[in-house]
Amino acid sequence: MHDPIELDASNNADDWDCFAATLQSTMGRDIPACMLVDISREDFPVVYASDEMCRLVGRERSDLLSCRWDFFAGESSDSEDFSEVEKALMGPERCSRCILSYRRDGSSFWNHIMAEPGMRYCLPFACFSFHDVSELFENASSSSSFWCEQAARVQLAQEEIIVKAMLTMQSLVAAASDDESIHVGSNSSVQMCFEELSAEGAAVEGEDPLEDMEFDTSRNKAFHDETSDEDSYVREVD
């Protein structure tokens, strides 16, 4: 059995085809900008990146695999936000921030990132969703309901991808632990080998990972979410 998260990108890419195909089938459309990082390893290296993620950050997938999770940071990025996100990756709670991010060519954009840690799924991975919100950020101070509605749609879309990505990974791990073949579409030979990840068990049952999640525009940063003591997200409109 081989390691599906080997840092050698040339060996890693094909191992994630099953995950991508299963996730795309589950969503019924192309996978938005998202990536998985290995939180069991130092620097949380990228182990999977969707096609849309590669396009958004202007990088080839082979360039992203094994990169540090914060490869999109630049000279004007807020280091405090990155520290908070990194800390959250090892915890139980979802985290989101609007961060000035950089593409490979040096151009920048306002990036709303949403990170779903693997703790509640008993997985050594965390999932990130990226969304270019430059236009929304520029209009964050507007009282127009249009921008609030657009922001809410973005957040709901990001919640969908990170939860479905983690549940997809969890199902692949469970199937592997039962020694079942995983068939995707017409390709009956595609299978991921995650037996070694299945010993920790399944995610907490009876909990809705989207419960109490709302849009937050506090701190004059569009999409900036913080968890309250009651584990809820508060919507504030400046």
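Burial to start with. The protein has 238 residues, and 49% of them count as buried. This is a predicted model, so keep that in mind throughout.

Now the surface. The protein exposes about 11600 Å². Carbon and sulfur atoms supply 45% of that area.

On to contacts along the chain. Take the contacts between residues at least 6 apart in sequence. Of these, 55% join residues at least 24 apart.

Next, secondary structure. We have seven helices and five strands. Read from the N terminus, the order is α-α-β-β-α-α-α-β-β-β-α-α.

Helix 2 covers residues 17-27, and helix 7 covers residues 145-177. Their axes come within 10 Å. At what angle do they cross? Roughly 125 degrees. Angles of 65 to 115 degrees count as roughly perpendicular, and those over 145 as roughly antiparallel. So helix 2 is oblique to helix 7. As for handedness, helix 2 passes helix 7 in a right-handed crossing.

Which residues make the contact? From helix 2, we have Cys 18, Phe 19, Thr 22, Leu 23, Thr 26 and Met 27. From helix 7, the list is Glu 160, Ile 161, Lys 164, Ala 165, Thr 168, Met 169 and Leu 172.

Glu 160 and Lys 164, both on the helix 7 side, belong to the charged class.

That's the picture for this pair. Over to you for discussion.

Conventions
Residues numbered from 1 in each chain as written. Predicted model: local features only at pLDDT ≥ 70, side-chain atom pairs only at ≥ 80, totals over all residues. Heavy atoms only, no water. Axes fitted to C-alpha atoms, helices over the stretch in contact; angles between N-to-C directions. Helix = DSSP H or I, 4+ residues; strand = E, 2+ residues; numbered from the N terminus. Parallel < 35°, antiparallel > 145°, perpendicular 65-115°, else oblique. Left-handed = near helix turned anticlockwise from the far one by under 90°. Contact = heavy atoms within 4.5 Å. Buried < 20%, exposed > 50% of the residue type's maximum accessible area, 1.4 Å probe, protein only. Areas by Shrake-Rupley, 256 points an atom, 1.4 Å probe, with all protein chains shown as cover.
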